Amino acid sequence: MKIPNRLLNNDYLPYFNKNPKRLFLLSLLLVVFFPIVVDNNYILHILIVAGIYLILAVSLNIVTGLTGELDLGHAAFFGIGAYTFSLFVIKVYNNFWLGLIIAATVSLLFGILLGIPSLRIKGDYLAIVTLGFSEIVRYVLLNWQNVTNGPMGIHKIPLPTLFGYKLDTKLALFYLIFIIVIITIVLIQRLSRSRFGRALVAIRENEIAAIAMGINASYYKVWSFAISAVFAGIAGSLFACYMSYINPMNFTSNVSILILCMVVLGGQGSILGSVLGALVLMLLPEFLRFLSMYRMLLYGIVLITMMIFKPNGMLPEKRIPVRRAGRYSTAGISQSNNKDSRLLKRDDTVELLSIINICKYFSGLKAVDDVSFMVNKGETVSIIGPNGAGKTTLFNIISGYYNPTKGKKIFNSQDITNMPAYKVAEIGIARTFQNIRLFSNLTVIENVMISFHTKLKSTVIHSLLDSPKTQKEELWCYDAAVELLKKVNLDNKYIEIAKNLSYGEQKRLEIARALASSPELLLLDEPTAGMTAQEAMELVKFINSLKSSGITVILIEHNMRVVMDISDKIVVLDHGVKIAEGKAHDIQSDERVIEAYLGRREKHA
Amino acid sequence: MLFQQLLNGLAVGSVYALVALGYTLAYGILGLINFSHGEIYMMGAFIAFTCIAMLNLNVWLSFIITLVLCGLLGTFVELVAFRPVRHGARSSQLITAIGVSIVLQNVAMLTWGSASKPFPQVIATNIYKFSNVVVSNLEIYIFIISVILMATLYFLIYKLRIGVAIRATSQDSDTASLMGININRIISITFAVGSVLGAAAGILMGLYYNSIVFNMGYSIGLKAFVAAILGGIGNIPGTMLGGLILGLVESLVAGFISTQYKDALAFLIMIIVLLIKPTGIFGSKEVEKM
């Protein structure tokens, strides 16, 4: 398991990448000593504001970088946090920490509210919804006179008190705010490396595949908005108590766009990138001050030039999972998660999956029409049929992407007819796709680690605290991924980016990914398509080995050699209707099958 | 009252539609949210102002010069800023557009100052009264000119050979180039067309409101973007209707509900529309094939 140096060392910061703790300590030292050495209130002011924007940028990166949703409304949560905090400490109870918690909670609720449209609205349309949301918030702040005091804003927001001491110097506020900044960065960095963060990048890379890995995409999307909002709300509180005066002009969509620029300039998905992006964009105008009137002009030119020459940002995202052999052994984890035991009970008289009178109509087109068949435990079943026969549609129904128009499906004597796709994956049905759906910009190993999603139990809180449970799980997950990659002969490629693999390797990776959840039933959609004869034969061997370990396989396949070789049973579809079912040699001689493939024989009188 | 609001809404809405078409053209052909398009609109107003008020040129000549210069400006921006990031990530294209917007705004501020300028009143304003409905000749001109421009665009895109090339490029630029279409030229032309429409809108609004300022492009850019999304961005007739609908909604809300919450409600309605029709009223449904 030797990792090439070229991949571990980024071209930048090579020194720190070997040991991220060094970077952390260095920044800690800077934060502690810089203000004492410099001792200049103006510089401190600039740095404090930069620190607050740093929180905003890092938190926006959760939605925009990890989940990959363009968010043009982050300033709304900044404003909601600031106003909630100010109103609470002025009107209800003057306590900094309580105000912070209340502000974070209110932001969280609004974050969930904004997350909900993301389930239906996608891409650029969602971007404009976030922008609209922040404009609405701003107009409410501006016009709800008797609460927000309208355009006049809120004055005299009290300074925080800590253990009876009022923090009334810039230096004290600087330390308070930077402690929170550092905690935020550490927490979000942990989050991005955790099960939660992996789920988010999986959704970004390929939402359908993420769902096939058992990730509840809707849930994670909403939570990514919510968590991002919490930190923005905290930033808002800090801003309010530092400035002691806020008004709606502090939270315009220009601010949202500035924060987005920080994230993109730094590198989407890269937490350190956001830190750098925020610092550069906040400090650049100060350094350009000598240009006076021309400085914003230059600022714009810098943005354009950066995007032309560094389109992925200054510190592009590089997610290379690291095996953290910490204090904890993985004992216990693999055992408790091991579903393999039930697979050993191979019994081909017990039925695993029943498809009963399944129909799927697309406004008049009968893609699948009244198809029924049964699959027993441990069997290998092939579904064949000419193009457009409804094979993939049937797969999409079995795996829960489509709800059938009519009919029922039973898995392990449980009715799963209307079960959502991520649940279907969770209960033990895994699949691959006809046109490969990898998480293409992630490493091979992370592709597999993502697919262990349903086997890991760490919640967001565990990940944020980096609890022993999380550390154990992460270690287990890493080792199990390496193990699985060995099985499909990809163990020498595990930190390669998935899209750089050859076609056959990508297919194998997809199968490895499907196997990660230890499924009872594996659906393979044209596994040998595009493979050489050699590769196809290796795959057949591999499928046979799955079979002997007790996994039930249904495959769609056009390569008849493969089909005849490995199937216990063959189901033939044509125009959405099942025309035959049976053993290989029965199918080969079936009149209707021959007709479907070759056409009707002319009868000569 | 209702009729009055509808008339005002139509005039403003048709200007939104003109600007929104620039968004739709850029989006259709490059998949780019051209945040800097509002600045072309602003530049249109300022260049016309310079020609008429500072250089004392003939009014119509000034308008023609403005449209030509803005068309060239749009092409130039595409060439130096958007072409290099054409194959980049969507977000880096967006940031580039924001950068362009900042640059153009600051160029305008440095050239013409940050105070607002009176736009020369080259068309004498006449007010017509029909019982209790008031219409100015300017509103009528704005509506008629916008409709003529949109009809011209429609003709260009759907009837002319160049329009076929533009539509082919926006469907699939690789395949279009295999069919012998010069993609770079088509994209330049599309940006020029969008910019001409934006500049025309700038002149019309300058005439209507009498006053122009260097950052006037921002809010109308935002509104036009909303209009384009509302109609279904990339869809030309949809965008035209989106602009008109947005103008009407705003005007009705201002007249009957609240002027303060006019913009907020416009955004709220947009969000509700998108929740019902996630790709805009006339947008095509995106189906991801599995």
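This is a predicted model: local features need pLDDT of at least 70, side-chain atom pairs count only at pLDDT 80 or more; totals for chains, interfaces and linings use all residues.
**View 1. Packing of helices H5 and H8 of chain B.** The axes of H5(B) (residues 137-159) and H8(B) (residues 183-209) approach within 10 Å and cross at roughly 175 degrees. Angles over 145 degrees count as roughly antiparallel, and the two helices are therefore assigned to that class. On the H5(B) side, the contact involves Leu138(B), Ile142(B), Ile145(B), Leu149(B) and Leu153(B). Their partners in H8(B) are Val193(B), Leu197(B), Ala200(B), Leu204(B), Leu207(B) and Tyr208(B). The contact comprises 11 nonpolar residues, with no polar and no charged ones.

**View 2. Helix H3 of chain B and its buried residues.** H3(B) covers residues 59-82; at 1.5 Å a residue, its 24 residues should span 34 Å, and the end C-alpha atoms lie 33 Å apart, in agreement. Among the buried positions are Phe63(B), Leu67(B), Cys70(B), Leu73(B), Val77(B) and Phe82(B). Gly71(B), Gly74(B) and Glu78(B) are also buried.

**View 3. The side of chain B that touches chain A.** Here 36 residues of chain B are in contact with 36 residues of chain A. H4(B), H9(B) (216-231) and H11(B) (262-276) each supply at least two residues of this side of chain B. H4(B) provides the largest share, 12 residues. By class, this side of chain B has 26 nonpolar, eight polar and two charged residues.

How values were computed
Residues are numbered from 1 along each chain as its sequence is written. Chains are lettered from A and ligands numbered from 1 in the order in which they are written. Axes are lines fitted to C-alpha atoms, for helices over the stretch in contact, and angles run from 0 to 180 degrees between N-to-C directions. Helices (H or I, at least four residues) and strands (E, at least two) are DSSP runs, numbered from the N terminus. Angles under 35 degrees count as roughly parallel, over 145 as roughly antiparallel, 65 to 115 as roughly perpendicular and the rest as oblique. Two residues are in contact if their C-beta atoms, placed from the backbone, lie within 7 Å. Ala, Val, Leu, Ile, Met, Phe, Trp, Tyr, Cys and Pro count as nonpolar, Asp, Glu, Lys and Arg as charged, and the others, Gly among them, as polar. The expected span of a helix is 1.5 Å times one less than its number of residues. A residue is buried if 20 or more other C-beta atoms lie within 10 Å of its own, exposed if 12 or fewer, and partly exposed in between; C-beta atoms are placed from the backbone.
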